[in-house]
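Below are some numbered points to check against the structure. Keep the sequence at hand while reading.

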Amino acid sequence: MASAIFEKSNTLGLYAMNVPSEFGGAGLSALETMMVEEHFGHTIDILARRAFRNVYEVHFGCDEAQRDRWLYPCVSGDRTVSIAITEPEAGSDARAITTKAQKDGSGWLLNGRKHLISDGLFSDFFVVSAVTDLSTGGRSISLFLVDKESPGVVAARDQNMMGLKGTSHVELFFDDVHLDADSLIGELESGMRQIRTTLGRVCLAQVGARSVGKSAQIMDLAVDYARTRKRFGKSIGEFQMIQSMIALDTMKLGSGLYDTTSSGGWS
Ligand SMILES: Cc1cc2nc3c(=O)[nH]c(=O)nc-3n(C[C@H](O)[C@H](O)[C@H](O)COP(=O)(O)OP(=O)(O)OC[C@H]3O[C@@H](n4cnc5c(N)ncnc54)[C@H](O)[C@@H]3O)c2cc1C
């Protein structure tokens, strides 16, 4: 079913909608992306992920030669990528990572581990953050394109979530993984700046706007229940306490929608 929806969404320009049109995507603005994401909230995450997939913005830092191998196949839906930033001791504080990439001839040698990486079992490759200058105490972070099939890459345990069924969130291990010089995305040590381009959209659209859509879906279910559930000879929605709860939640939902879309409009 997901592949049938993928075909339709691709035809409508809804696949990789966040990707600029010059790279073959739908080229939607931040606000437009959020409006679509709000609607995705009415369905389940795995369907949105497989059928409408976003391509992470860190990819736009690829140079022309890298785009053929790493960017365009993602925009067309032929390859899938995960971003691998989080480590057991470096989550909110993404600068605290210890995964490192050291110079190795003209390329790099990658060692370390990541965890909670969405879609890690399904993806073909990863964008991995790593410290490239150990003398700065972990503050010099760069991004690398790492093929899942490279020797030394292990996609390990699927870390179960309470929800989000249908995909994986995995631990990744990198043990002396050799990376060619052209695996580096953008400039050396520009990793944090590049990561923020992706996290901005993920926070606003994929988390913020989609959560508003999910809440609206739950409200619809609640209102429907209040209309149809009968107690003491009437629908429970006729009781003032139930009406009050629905009214308050509807206001919160409206303000959530306003907050997220107005942030999208300004970004
Ligand atoms: C469903 C899911 C999918 C994910 N997918 C990916 C992925 O694809 N790639 C990836 O790299 N990572 C992914 N992650 C990891 C995610 O980025 C981290 O969970 C997140 O950065 C938080 O890190 P942490 O879990 O280590 O929490 P911590 O950083 O340990 O934070 C613990 C708590 O402290 C709070 N906190 C931290 N700092 C502050 C502060 N300064 N002020 C106030 N409160 C603070 C946090 O809000 C949190 O409530 C995913 C996580 C989840 C749940």
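1. Among the elements, β3 gives the most to the shell around the ligand, with three residues. The elements that give two or more residues to this shell are β1 (81–84) and β3 (107–118). Please bear in mind throughout that this is a predicted model.

2. Which residues surround the ligand? They are Ile 83, Ala 84, Ile 85, Thr 86, Gly 91, Ser 92, Leu 116, Ile 117, Ser 118, Met 161, Leu 164 and His 169. By type, the residues of the shell are seven nonpolar, five polar and no charged.

3. Thr 86 has a polar side-chain atom 2.6 Å from a nitrogen atom of the ligand. For Ser 92, a polar side-chain atom lies 2.6 Å from an oxygen atom of the ligand. Leu 116 takes part through its backbone: an N or O atom there lies 3.1 Å from a nitrogen atom of the ligand. The ligand taken alone exposes 960 Å², and the protein buries 40% of that.

4. Thr 167 sits in the loop between β6 (153–158) and β7 (169–179). Is Thr 167 buried or exposed? Its relative accessibility is 17%, so Thr 167 counts as buried, the cut-off being under 20%. Leaving aside neighbours within four places in sequence, Thr 167 is in contact with Ile 46, Arg 49, Arg 50, Asp 119 and Asp 158. With one of these, Asp 119, the side chain of Thr 167 makes a side-chain to side-chain polar contact of 2.4 Å.

5. Ser 123 is also a loop residue, placed between β3 and β4. Ser 123 counts as buried because its relative accessibility is 1%. Which residues is Ser 123 in contact with, leaving aside its neighbours within four places in sequence? They are Thr 80, Val 81, Ser 82 and Lys 148. Ser 123 and Thr 80 are 43 residues apart along the chain, yet their C-alpha atoms are separated by 4.7 Å. The side chains of Ser 123 and Ser 82 make a polar contact of 2.7 Å.

6. Helix α4 covers residues 64–75, and its buried residues are Gln 66, Arg 67, Trp 70, Leu 71, Pro 73, Cys 74 and Val 75. What do these buried residues pack against? The answer is four strands: β1, β4 (125–131), β5 (141–147) and β8 (184–185). One of them, β1, was named above as an element that gives two or more residues to the shell around the ligand. Following α4 comes Gly 77, which has a positive phi, near 90°.

7. How many disulfides does the structure hold? The number is zero. For Cys 62, the nearest cysteine sulfur is that of Cys 74, 8.7 Å away. A disulfide needs the two sulfur atoms within 2.5 Å, so Cys 62 is in no disulfide.

8. Cys 62 has a relative accessible area of 2%, so Cys 62 is buried. Cys 203 has a relative accessibility of 49%, so Cys 203 counts as partly exposed. Exposed would require over 50%.

Note on methods
Residues are numbered from 1 along each chain as its sequence is written. This is a predicted model: local features need pLDDT of at least 70, side-chain atom pairs count only at pLDDT 80 or more; totals for chains, interfaces and linings use all residues. Side-chain values use heavy atoms; hydrogens and water are left out. A residue is near a molecule or strand if one of its heavy atoms lies within 4 Å of it. A polar contact is a pair of N or O atoms within 3.5 Å; within protein, one must be able to donate a hydrogen and the other to accept it, and residues adjacent in sequence count only if both atoms are side-chain atoms. Accessible areas come from the Shrake-Rupley method with a 1.4 Å probe; for residues, only the protein chains shown count as cover. Ala, Val, Leu, Ile, Met, Phe, Trp, Tyr, Cys and Pro count as nonpolar, Asp, Glu, Lys and Arg as charged, and the others, Gly among them, as polar. Buried means under 20% relative accessible area, exposed over 50%, partly exposed in between (1.4 Å probe, protein chains only). Contact means heavy atoms within 4.5 Å.
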